[in-house]
Amino acid sequence: MRSRQLVAGLVLAAAFVAVSIQNWAGNDLSLKAIEQLLVFALPLAGIYALAATGLVVVYSTTGVFNFAQGAIGMLAAFVYWQLKVQWGWSTWIAVTVTVFVLAPLFGILLERAVMRHLAGQDLVIQLMVTVGLLLGFVGIAVTIWDPNVGHSVPAFFPEQGFQIAGVVLTWHRFIALCVALALVVGLRFLLYSTRAGIAMRAVVDNRSLAALNGVSAQQVSMFAWALGSSLAALAGVLIANETDMSALGSLTLATLVPAFAAAAVGRMRSLPLTYLGALVLALLQQFASLFLSFGGRWAQVPNRIPEIMLFAVLLMRPAANLRFARLTATRRHARVAKPRSAAAGLVVLVFAIALVGTLLSSANLARLDEGIGLALVALSLVPLTGWAGQVSFAPLAFAGVGAAAFAHWGGTQGHPWALLFGALAAAPVGAVLSLIAGRLQGLYLGLATFAFAYFTGDVILNQPFAFNGQSLTTPRPTWFGISFNSDRAYLVLLSIAFALVAFLLVALRNSAWGRRLVAMRDSEAAAATVGVNLFETKIAVFALSAAIAGLGGGFLAMFYGHTASNAFDALVGLALVLQIVVGGVALVTGAVFAGVFRLPIQILQDHWDSKWIRGLQQIAPGFAALGIIQSPDGAVVAIADGFAPLIPGRTSERAERAKRTRERRAAARAREAKIPQLGLTEPFTAETIGEIERRLGIASELAAGRR
Amino acid sequence: MSRLAVSDVSVRFGGLLAVDGANFSVESGSVIGLIGPNGAGKTTLFNVITGLQTPSAGSVTLDDRDLRRAKPYKRARLGIARTFQRLEAFGSLTVRENVLVAAEMRKRWATTRYDAGIVADKILARVGITALAEARCEQLPTGSARLVELARALAVDPRILLLDEPSSGLDEDETDALGALLVALARDGLGVLLVEHDMPLVMTTCDYIHVLDFGRVIAQGTPTQVQTDAEVQRAYLGSKATM
Amino acid sequence: MKQTRWFALALGAALIVGACGGGKTTTDNGSPTSNASSPSTGATTTISPAQAKCKGATLTASETGITASTITIAVAADTGSSIRPGLFQGSVDAIKAWANYKNANGGLGCRKVAVQVFDSKLSPTEAKNAMTTACAQDFAAVGTTALFLNDMTPIETCKDNSGKVTGLPDLPVLQTEPSQQCSQLSYAVLPGAGSCPYSGTGVRTFKVASGPFDYYFGKYGKSALHGIWVVPTDLPSTISSSMPGFRYSQQLGIKRDAEFGGSGLATQTAYTPFAQTIKNKQSTYARVGLDYKGTVYLRKEAATQGVNTVKVWDCSVQCYDSRLISEGGSTVEGQYVWLTFLPFEDAGSNPTLDAFLKYDKKPDGFGAQAWAAAELFAQSVDSIVAAQGPNAITRAALLTAVRNTHDFTAGGFIPSTDIGSKAGTKCFVMMQVQNGKFVRVDPAKPGTFDCSGSVSEITMDPVKAFKP
C-alpha cells in the first residue's frame with residue numbers, strides 16, 4: 001500500500017515539473033522571488049485554512065460533510081456587513097455578535113430543523129441535503145441583500161501592515177493567520193482533552209456506545225453544529241473583505257473546492273495536515289500566477305488548480321478497507337417496478353407528455369423539451385447513485401462530453417448515429433474516472449466527481465477537440481422522412497428516447513447485474529465475499545452512467561440547436577443532481593421529476609412576477625433539502641404514497657410498513673432515552689471507551705474503517 | 001479434500017493486538033469450532049481469512065495456495081464463503097434475491113449448465129426459509145436474516161464455510177435444526193469453521209475446538225477436552241462449569 | 001401524506017391552467033399620453049415632422065406589436081437567474097423609463113409606447129423563448145441584454161404581419177455571440193469591434209481606436225508608459241473580449257511588463273503578486289479587464305504594497321460604477337475611466353442625457369446604452385412616419401431605416417456612429433476619479449467628445465493571443 005502512494009506521489013511530482021517547464025513564463029526563480037512567493041501564499045493559505053477548519057471539525061464531530069459550510073460563512077459575512085457597515089456598530093461588537101451569538105444560534109436552529117435527521121442516513125442523502133442548503137442559503141442572501149447594491153466590508157486596519165521579504169503583509173491578513181493558528185491549538189485541545197470534545201467524537205464513532213457512557217447524543221449534536229456554525233462565521237467574517245461579497249461569488253465558491261482539497265490532505269481529521277494542504281494549494285496557485293504561463297486553450301487551467309489538487313490528493317489516498325453495511329436510517333420503501341408494468345407506465349408517460357405538449361404555449365413547450373432532455377441526463381444517475389450507491393456530481397459533465405463528441409462526429413449534419421458516438425465517447429471517460437477514483441469510498445469518490453465536473457466543464461469542454469470556446473451547430477434531425485424541427489415533434493422524440501432508456505434501466509434492475517449493483521450498495525463487504533468483483537462492477541456502472549448522460553447530451557445539443565460549453569456548467573450539474581435526489585434517485589420517474597419540476601415555477605413567474613415568487617424560486621433548493629429528509633425515497637414516492645389511499649388494495653401494505661417503522665424507531669428512541677437513567681457515572685476517558693469497546697467486541701469493526 | 005490453514009496470523013490495530021499468532025486449520029468434512037470471549041479476535045480472523053483485513057503477520061493458505069494477494073471476491077471464487085457477526089444481508093433485496101446474487105455469481109465461473117434460480121430455491125428449502133422468499137431482508141428479525149446469510153453463503157458453493165454466530169436470534173428448535181444442518185453439510189464434504197457462543201450447539205456439532213482469548217489460542221482439542229481445560233474455564237466460562 | 005396529495009394536485013392543476021396560455025409577462029403601458037404640443041418638458045417644444053403627420057390620421061394595426069393606439073417593444077435581460085439575480089436590471093429600468101418619457105412627450109408614431117419585459121435568466125432556452133414570444137407579440141426588441149442568446153433562429157425566421165420572413169428587428173445593448181453581432185437584424189448602438197462573418201473561433205479582424213491612449217501619451221509621454229494587464233480568463237469569450245484592445249495599446253507603444261490571467265471568482269489576495277510586479281518593474285500603467293471589482297482589488301493591493309510609480313490606472317465602461325468609488329475609497333483616486341457615451345456628471349449639457357437622468361432613477365452603464373438604443377429606435381420610427389405616415393411603420397421599414405442610419409448621435413448623447421455599417425466610434429470621453437467623484441478631464445467641455453484619435457485594424461486569434 002505504501003509503495004503505491006509513493007509511486008503516485010512521484011508521478012504527480014514529475015507531472016508538475018513537466019508542466020512547469022512546458023509553461024514557464026520566463027521569470028527568474030531567484031531566492032527573493034521564492035521568499036516573496038511564500039509571503040504571497042500565506043494570506044491565501046490562511047483563507048483556505050479558515051474555511052477548511054470548519055469543514056473538518058464539523059465532519060469529525062457530526063459525521064456530516066457539510067457542503068454548505070462556506071455558505072453559512074457567506075451569510076455571516078452579510079450579517080457582519082449589516083451590523084458594521086449598515087448600522088454602524090463597532091467592529092468588535094459586530095464580530096462578537098456575529099460569530100459568538102448569532103452563528104451558534106443559527107447552528108442550533110439548523111441542527112434542530114435539519115441536521116439531526118441526517119444522523120445515520122445514507123451518504124447521498126446527507127450530501128444532497130447540504131447541497132440544497134448551500135443553494136438555499138444563497139437564495140436567502142440574494143433575497144435579503146440586493147445584489148446590485150455594493151456590500152463592501154472593510155478590512156481591519158485597511159491597507160496597513162508590515163514588511164516581509166519586501167512584501168507588505170496587512171494586519172488584517174496577519175490577524176486571520178493568527179486566528180487560524182490559534183484555532184489549530186484550541187480545537188485540538190477541545191476535541192481531545194475536554195469531555196465535550198471527546199463526547200462529540202464518540203457520538204460520531206458509535207452513537208449508542210456513547211449513550212451508554214452518559215452522553216446525550218442530542219445535546220452533543222447541538223453543540224457540534226453550534227461550534228461548526230461559529231467556525232464558519234469566523235471564517236466568513238475574516239474573509240469578507242477579500243471577496244466581492246456576492247452570494248454565489250468568490251465568498252462561497254472561491255473557498256468551496258480549496259476547502260475540500262485542504263481537508264482531504266488532512267484526511268478529514270487532522271487540522272495540522274489540513275493547514276499544510278491549504279499552504280500547498282496557495283503556493284501552487286500563486287506560483288502558477290507568477291511563474292507559469294497558461295495561455296490560449298489552457299487559459300482556464302490555473303483557475304482549476306484547486307480541483308486538480310483535490311483529485312491528486314484523493315488519488316494518493318490509500319485504499320480503504322471494504323465498507324460494511326451501515327445500519328442506516330434510510331429505509332427504502334419503493335417497490336421495484338417489473339419490466340412489464342414499467343413498459344405500460346412508460347407508454348402512458350410518452351402519450352401524456354405528447355398530449356401536454358399540444359396544450360402548451362411555445363415558450364413552455366421549449367421549457368418542457370429542455371426538461372425532458374435534462375431528465376434523460378438525470379436518468380444516468382439512477383443506476384450509478386440510486387442502485388449502486390455511488391455518489392456522483394458529474395452527469396452534466398458527461399453530457400457535455402457526449403454533446404461535443406456528437407457535434408464533431410455527425411451531429412452538425414444531424415446523423416442519428418452521432419448520438420451513439422456521443423454515448424460511446426462518454427462511456428470510456430466514465431470508466432477512466434472510476435478506474436482512477438473507484439478505490440475511494442463514498443464521500444471521497446463524490447468529491448472526486450465534483451472536481452472532475454468542474455475541471456471538465458471549464459477546461460476539457462473548451463478544448464479545440466470539444467467546443468473550442470464557440471457555439472457548435474447541432475440542428476434538429478430529419479429521420480425516416482420526419483422532420484423533428486418543431487418543438488412539438490422533438491418533444492415526442494425526446495420522450496420516446498427517454499422511455500426507451502428508462503425501460504432498459506428497469507430491465508437491468510430486474511436482471512442479475514441490477515441485483516449485483518444493489519448488493520454492492522447494501523454491503524460492499526458481503527458482495528465481495530460472494531464473489532462480486534467490485535472494481536469491475538464499479539467501472540461498468542460508471543461507464544453505463546456516462547453513456548446515458550452522453551446520449552442525453554446529444555439530445556440536449558439537438559434541442560438547443562447551437563451548443564456551447566456553458567450549457568454543461570458544474571453548478572447547473574450540481575442543481576440537477578439535487579433535483580433528481582429530491583425526485584427519487586432510485587427511480588426512473590425521479591428523473592422525470594428532476595427534469596420538469598422547475599416548469600411550474602417558471603410558469604408561475606410568467607404570470608405573477610414579484611419579489612416573493614423570485615425569492616421563493618431562489619430559496620426552493622433549501623426546501624428541497626428538507627423534503628429529502630422527510631422522504632429519502634424521493635418526492636415521486638411521497639406523492640404516490642399520498643395518492644395510494646385512492647387506489648384500493650395498495651394502502652394497507654404501505655401504511656402498515658410505515659407504522660412498523662415508526663414503532664421501531666420510537667422503541668429505539670425510548671431505549672436510548674432510558675440509558676442515562678441507568679446510573680452510569682464513571683469518569684469518561686478514552687481508556688474507558690477502549691476497554692468497553694474491547695469487551696463488547698466492537699473493536700474490529702471500528703478499526704476496520706467503518707468510515 | 002480441501003484444507004484451509006491459518007499460520008501465525010497476527011493483526012495489529014494501532015496499539016491494539018487483536019490477533020496474536022493464531023494457528024489452526026479447517027478441513028473438508030469437519031466442523032471446527034472457534035470460541036472465546038467477546039473481543040477475542042474471532043471476527044477479525046474471519047476478516048483475515050476472507051481478505052477483508054490484511055494481517056500484520058502470518059499467512060492464510062487454501063490447499064497450500066497462499067491467499068495473500070487474493071482479493072475477497074477471488075477468495076469467494078476459490079471456495080471460501082462466510083456469514084457476518086453483524087448482519088450484512090442485502091437489505092433492500094428480498095430473501096430469494098439475496099441468495100440469487102450469490103448463485104448468479106457462482107454461475108459465472110461454473111463449468112456446467114447452471115440455473116441460478118433453481119439452485120437458489122433448493123438452498124432456501126435446505127435452510128428452511130422458503131416461506132420468507134419474497135420478504136425484504138431489512139424487515140426480517142435477526143434470526144431469520146442470519147439464516148438468509150447462511151443460505152447466501154451456501155449459494156457460493158464453497159468448500160470452506162465460515163459461520164459467525166449463526167444461531168444468534170434463533171430459538172431452541174431452530175438452533176437444533178441448524179446444528180443438524182451443519183453436521184449434514186460437513187458430511188457432504190464442506191469444511192465448516194464455526195464461531196459461536198451457544199455452547200450446547202458447539203459441543204454437539206464440532207469435531208474440534210480452538211479457544212481464543214485476547215487474540216491468542218489458549219486451548220484446543222475435542223469438545224470434551226476443552227470443556228475440562230482449566231485455562232478455558234477461567235478465561236471464558238468464569239467460575240460457571242455449566243454446559 | 002394527505003398534504004402531499006393535495007399539493008401535488010394543486011400544482012398539477014396550476015401547471016395545466018397556466019401552461020396553456022401565452023407566455024405573457026409584465027406589460028408596462030407607461031403613463032397616459034399628454035398632448036403633443038404640451039410645453040411641460042423642454043425636449044419637445046416644437047412639433048416634429050413626424051408628429052405633424054399624426055393630425056387627423058386614422059391609425060391602423062400596421063404590424064405585429066402595433067395597434068391603433070400602442071407600439072409595443074420587447075426588452076429581454078438576464079435579470080432573474082438564481083445565480084446572479086438583478087443582473088442587467090439597468091437595461092430593463094432604462095427601457096421602461098424611456099417609455100414613460102416618450103409617453104409624456106407625445107408618444108411615438110402617434111401612438112403610446114408599451115414595453116414587454118422578458119427575463120432570459122442566463123438560460124439559452126429562456127432567451128430563445130423571449131425572442132419567439134417577442135416575434136409573435138412585439139414590434140421590435142430594444143435593449144436586449146442576454147448573455148446566452150446563442151440561437152438567432154427565432155429572430156431570423158420571424159414572420160411579420162404580412163407573412164413574410166422579415167425577421168425581428170433587434171437593437172440590443174449586448175451582442176455576445178458572433179451570430180448576433182453579424183446578423184443583418186441586430187444593430188447595436190455601440191457596435192462590436194470584430195469583423196463578420198466569424199465562426200466563433202480562430203483569427204478575426206478587430207477595429208480598434210487609439211483615442212484614450214493618445215490622451216495618455218499626450219499627457220505622460222509616449223515612452224514613459226509600460227505596465228501590466230490582467231485578462232479575465234474564466235471563459236474563452238472573456239479572454240477574446242479583452243485581448244484586441246490590450247494588444248493594440250501595446251502596439252501603440254505601452255510596453256508590456258507583464259500580463260496576467262485573473263478569475264472573477266478570485267479573492268483580493270490573488271492581486272498581491274500583480275501589485276508586487278508593478279513595484280518590481282516600476283510600471284507606470286495598469287489595466288484590469290475584469291469588472292470594477294478587479295480594479296478595486298488591484299488598487300487596494302497597490303496601496304498596501306506602497307506602489308507609487310503608476311501614472312495611468314486605465315479602465316473603461318465597466319469601471320463607470322458608483323461602487324468603484326464607494327468600495328475603493330481613497331485607493332481609487334486618480335483612476336482613469338473612458339466612456340463612449342456622455343457621463344452622468346454632464347447633466348444639464350445634453351437634452352437626451354437629461355431626459356435619461358430624469359426618468360431613470362437608477363442609471364448605470366447598461367441603462368445608458370439601452371436608452372441610446374431606444375433613441376435609435378425612436379429616430380428610425382420618426383423617419384418612417386415623417387416620410388410615409390404613421391401607418392407605414394412595419395418591421396421591414398424599421399430595418400431599412402436602421403440600416404440607412406450612418407450618423408447616429410442620440411441627440412448628442414453618443415458620438416456619431418455608423419449604425420448601418422456596424423462601425424464603432426473613435427470618440428470618447430475621459431473621466432478620472434478625483435476627490436471621490438468621477439470628473440471629466442478630456443475634453444473639458446461637458447457634452448462633447450474627444451474625436452482626435454484614429455481607428456485601425458488588428459488581426460489576431462483573440463484567444464490564442466493570450467500568453468501571460
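Residues are numbered from 1 along each chain as its sequence is written, and chains are lettered from A and ligands numbered from 1 in the order of writing. In this predicted model, local features need pLDDT of at least 70 and side-chain atom pairs count only at pLDDT 80 or more, while totals for chains, interfaces and linings use all residues.

Chain A has 31 helices and 6 strands. Helices (H or I, at least four residues) and strands (E, at least two) are DSSP runs, numbered from the N terminus. Of its 707 residues, 58% are buried. A residue is buried if 20 or more other C-beta atoms lie within 10 Å of its own, exposed if 12 or fewer, and partly exposed in between, with C-beta atoms placed from the backbone. Among contacts in chain A with a separation of 6 or more, 79% join residues 24 or more positions apart. Two residues are in contact if their C-beta atoms, placed from the backbone, lie within 7 Å.

Helix H3 of chain A covers residues 69-86. Its 18 residues should span 26 Å at 1.5 Å a residue, and the end C-alpha atoms, 25 Å apart, agree with this. The expected span is 1.5 Å times one less than the number of residues. H3(A) is mostly covered, with 14 of its 18 residues buried.

Chain C holds an open sheet of 4 strands in the order S8-S7-S9-S10, with parallel pairing. Strands S8 (255-262) and S10 (312-314) of chain C are the edges, each pairing on one side only. The twist averages 15 degrees from one strand to the next. Strands pair if DSSP finds at least two bridges between them. Strand S7 (residues 226-232) and strand S9 (residues 285-288) of chain C run parallel and are joined by 4 bridges. Helix H10 (residues 292-305) of chain C lies across S7, S8, S9 and S10 of chain C, at about 145 degrees to S9(C). Axes are lines fitted to C-alpha atoms, for helices over the stretch in contact, and angles run from 0 to 180 degrees between N-to-C directions.

Chain B splits into domain 1 (1-79 + 161-243) and domain 2 (87-157). Domain bounds come from an automatic or database domain assignment. The C-alpha centres of the two domains of chain B lie 23 Å apart. Contact between them involves 11 residues of domain 1 and 10 residues of domain 2 of chain B. On the domain 1 side, H6(B) gives the most, with 3 residues. Within helix H5 (residues 142-155) of chain B sits B:Arg146. B:Arg146 is buried because 26 other C-beta atoms lie within 10 Å. B:Arg146 touches B:Thr83, B:Pro166, B:Ser168 and B:Gly169, leaving aside residues up to four places away in sequence. B:Ser167 is 21 residues from B:Arg146 in sequence and 7.7 Å away, C-alpha to C-alpha.

Chain A meets both other chains. With chain B, the contact takes 34 residues from chain B and 31 residues from chain A. H3(B) supplies the largest share of the chain B side, 7 residues. That side divides into 16 nonpolar, 9 polar and 9 charged residues. Ala, Val, Leu, Ile, Met, Phe, Trp, Tyr, Cys and Pro count as nonpolar, Asp, Glu, Lys and Arg as charged, and the others, Gly among them, as polar. With chain C, the contact takes 71 residues from chain A and 69 residues from chain C. The chain A side here has 31 nonpolar, 31 polar and 9 charged residues.
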